[in-house]
Amino acid sequence: DGVVISDLTRRAIGQFFDCRDIGRIDLKGFDGGERAWQVIAQTQIASRFVAHPGHATSSDLVNCVEVMAALNAAWAQALAGSGNAVILVGEPGIGKSKVARTLRAQAMQANTTVLEIDCTPSTRNTPLFPVSVLMRRLAGIRADDTDAERLRKASELLERFGASTDRAEALNDLAPILGIARTAPPERGDSAERVRERTIALLLDILTSMMRGGPFFMLCEDM
């Protein structure tokens, strides 16, 4: 059992999935057969820029001097202790991602904690899906981990970044985000809205703890 894809599809998915080259297979209507790939597993890569390497670098940026100057000024303020949130707005294809990734590359040279969230149209009905990908990556949780391994890594994540609430309760609330089994059934009368509020508060606790460790840069694509 498994999924087999064409060479064209393999190039389209980039490094989002690990695939194994199974050579050419005979297909009706294709002279000489078609190169095929077996999909093995989803990778931990979240960014389409990482999944499809070879995108332009800062040397390819054109007419972005003013934008880069503003971003560099905002980053300098953040390094000085005054955080900023900057939103790049514009039509598709004008180079927003290139500009953002140029600043990201500069931030990585300053011993900075760099996080990345990549939103996609296909997950628009699952608002916290990009955050879930990020948290699992921070915890080191892999698709082939056992339930016990996932729970251990999730616990270590909370220990490392000092969630301010009870560990068991935090694991229970973050279970859907981290892809682990709930440690206890929901309490009677505990509404979905209250669980959502606690979950967001826990996520903010984790990020805030990371910010205390020094310079912090977070890139959110396609929000």
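Colleague: How many bridges join β1 to strand β3, and how do the two strands run?

Modeller: The general idea first: strands of a sheet pair through backbone hydrogen bonds, either parallel or antiparallel. In this predicted model, β1 and β3 (residues 34–42) run antiparallel and are joined by four bridges. To put a residue on it, I5 has W37 of β3 as its bridge partner.

Colleague: Nice. What is the order of the strands in the open sheet?

Modeller: Read across, the order is β1-β3-β2, three strands with antiparallel pairing. The edges are β1 (3–6) and β2 (17–25), each of which pairs on one side only. From one strand to the next, the twist averages 35 degrees.

Colleague: Back to W37, then. Which charged end sits over the ring of W37?

Modeller: That would be R10: its charged end lies over the W37 ring, 5.2 Å from the ring centre.

Colleague: Let's turn to ring pairs. Why is the pair of W75 and F217 edge-to-face?

Modeller: Look at the angle between the ring planes, where over 60 degrees counts as edge-to-face. Here the planes of W75 and F217 stand at 80 degrees, so the pair is edge-to-face, with ring centres 5.6 Å apart. The structure holds one aromatic pair.

Colleague: Where in the chain do the two partners sit?

Modeller: They link distant parts: W75 belongs to helix α3 (residues 65–79) and F217 to strand β5 (residues 216–221), 142 residues apart.

Colleague: And is W75 buried or exposed?

Modeller: The cut-off to keep in mind is that buried means under 20% relative accessible area. W75 has 11%, so W75 is buried. F217, at 8%, is buried as well.

Definitions and conventions
Residues are numbered from 1 along each chain as its sequence is written. This is a predicted model: local features need pLDDT of at least 70, side-chain atom pairs count only at pLDDT 80 or more; totals for chains, interfaces and linings use all residues. Side-chain values use heavy atoms; hydrogens and water are left out. Rings of Phe, Tyr and Trp (its six-membered ring) pair if their centres lie within 6.5 Å; planes under 30 degrees apart count as stacked, over 60 as edge-to-face and the rest as tilted. Buried means under 20% relative accessible area, exposed over 50%, partly exposed in between (1.4 Å probe, protein chains only). A charge sits over a ring if NZ of Lys or CZ of Arg is within 6 Å of the ring centre and within 35 degrees of the ring normal. Two strands pair if DSSP finds at least two bridges between them. Axes are lines fitted to C-alpha atoms, for helices over the stretch in contact, and angles run from 0 to 180 degrees between N-to-C directions.
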